[in-house]
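Work through the exercises below with the sequence and the coordinates open. Each task is followed by a solution in steps.

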Amino acid sequence: MRAFFLVVISALALSGCAVSYTPAKQSTNAFDEPAIGTITTAQIGDHLLRKGLIVEGEVLSLKSKASGFAYDILPGEYPQLGYTDTEKFFLPAGIIKNPLADPYQGMSVKNEDLTKVCVITVFGVRACYDAKFEIVKRATERDASFQQTLIYSGRVGSKINIGYREFSNSSARPAFNNDVEYDLSASKVIGYKGAQIEVIDANNSEITYKVIKSFK
């Protein structure tokens, strides 16, 4: 995905009528839940603990196909590339071009008209079509996105099963995943990678617990 972004940006820079914009803003948000001391009940398959960083940016979420004579824009989510005072620009990954139409270099939405999506040609001309869309924040494909989590997997006798999972860029990291069995007759406090929870009650459908420590 990052390589594709570079190709698109390079194409914009090399075009005779290149679109000039300020790169899109992104935000990094940390999360660590539930809070220490919180008593929580979770079902099988639910997250017991979640900690990490998530990088978010705006995307154009197109609900249905926007069509015209020269271009069709397929429904989907298109990450923002940048913006000006009057317009936002998005990755032009889902455009179908009529063979007779000019090549395109970008896609945009004008601030003054939030009912249309525009295809920008290599000559700087905009072909704008009525469209149903919204501009929303989504997690982006960035190395800073990271998550650790514990998942409840049920109880057999005095033992409960907990799964540990790591995610980077919204993808699981199988080499760091693990499934662990804990014997509650030995201790009601269980831990993994610095995180600790006290099991108050557990059966084969849900668990009630208190957070003692989060992940390191």
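**Exercise 1. Describe the pairing around β14.**

Solution. Step 1: β14 and β15 run antiparallel and are joined by 9 bridges. Strands here are DSSP runs of E of at least two residues, and helices are runs of H or I of at least four residues, numbered from the N terminus. Two strands count as paired if DSSP finds at least two bridges between them.

Step 1: within this pair, Thr149 has Arg165 in β15 as its bridge partner. The two strands form a hairpin with 2 residues between them, and Gly157 in the turn has a positive phi of about 65 degrees.

Step 2: β14 is also joined to β4, by 6 bridges in the antiparallel sense. Here the bridge partner of Leu49 is Leu150 in β14.

**Exercise 2. State what kind of model this is and where to read it with care.**

Solution. Step 1: the model is predicted, so local features need pLDDT of at least 70 and side-chain atom pairs count only at pLDDT 80 or more, while totals for chains, interfaces and linings use all residues. Residues are numbered from 1 along each chain as its sequence is written, and side-chain values use heavy atoms, with hydrogens and water left out.

Step 1: pLDDT is the predictor's confidence in each residue, from 0 to 100. The chain has a mean pLDDT of 87, and 86% of its residues reach 70 or more.

Step 2: over residues 1-16 pLDDT stays under 50, and the model has 20 contacts beyond four places in sequence for them. A contact means heavy atoms within 4.5 Å. Where pLDDT is low, the predicted coordinates should not be read in detail.

**Exercise 3. Summarise the chain as a whole.**

Solution. Step 1: the chain contains 1 helix and 20 strands.

Step 1: of its 216 residues, 37% are buried. Buried means under 20% relative accessible area, exposed means over 50%, and partly exposed lies in between (1.4 Å probe, protein chains only).

Step 2: the chain exposes about 11,600 Å², and carbon and sulfur atoms supply 54% of that area. Accessible areas come from the Shrake-Rupley method with a 1.4 Å probe.

Step 3: among contacts between residues at least 6 apart in sequence, 52% join residues at least 24 apart.

**Exercise 4. Which residues have the most contacts inside the largest nonpolar core?**

Solution. Step 1: a nonpolar core is a set of buried Ala, Val, Leu, Ile, Met, Phe, Trp, Tyr and Cys residues joined through side-chain atoms within 4.5 Å. The largest has 21 residues, and those with the most contacts inside it are Leu48, Leu150, Ile160, Ile162 and Ile207.

Step 1: the elements that give two or more residues to this core include β4 (47-62), β14 (146-156), β15 (159-168) and β20 (206-213). β19 gives the most, with 4 residues.

**Exercise 5. Locate the disulfide and give its handedness.**

Solution. Step 1: the structure holds 1 disulfide, a disulfide being a pair of cysteine sulfur atoms within 2.5 Å. Cys118 is joined to Cys128, with an S to S distance of 2.0 Å.

Step 1: Cys118 lies in strand β11 (residues 116-121) and Cys128 in strand β12 (residues 126-130), 10 residues apart.

Step 2: the torsion about the S-S bond of Cys118 and Cys128 is about 100 degrees, so the disulfide is right-handed.

Step 3: Cys118 is buried at 2% relative accessible area, whereas Cys128 is partly exposed at 29%.
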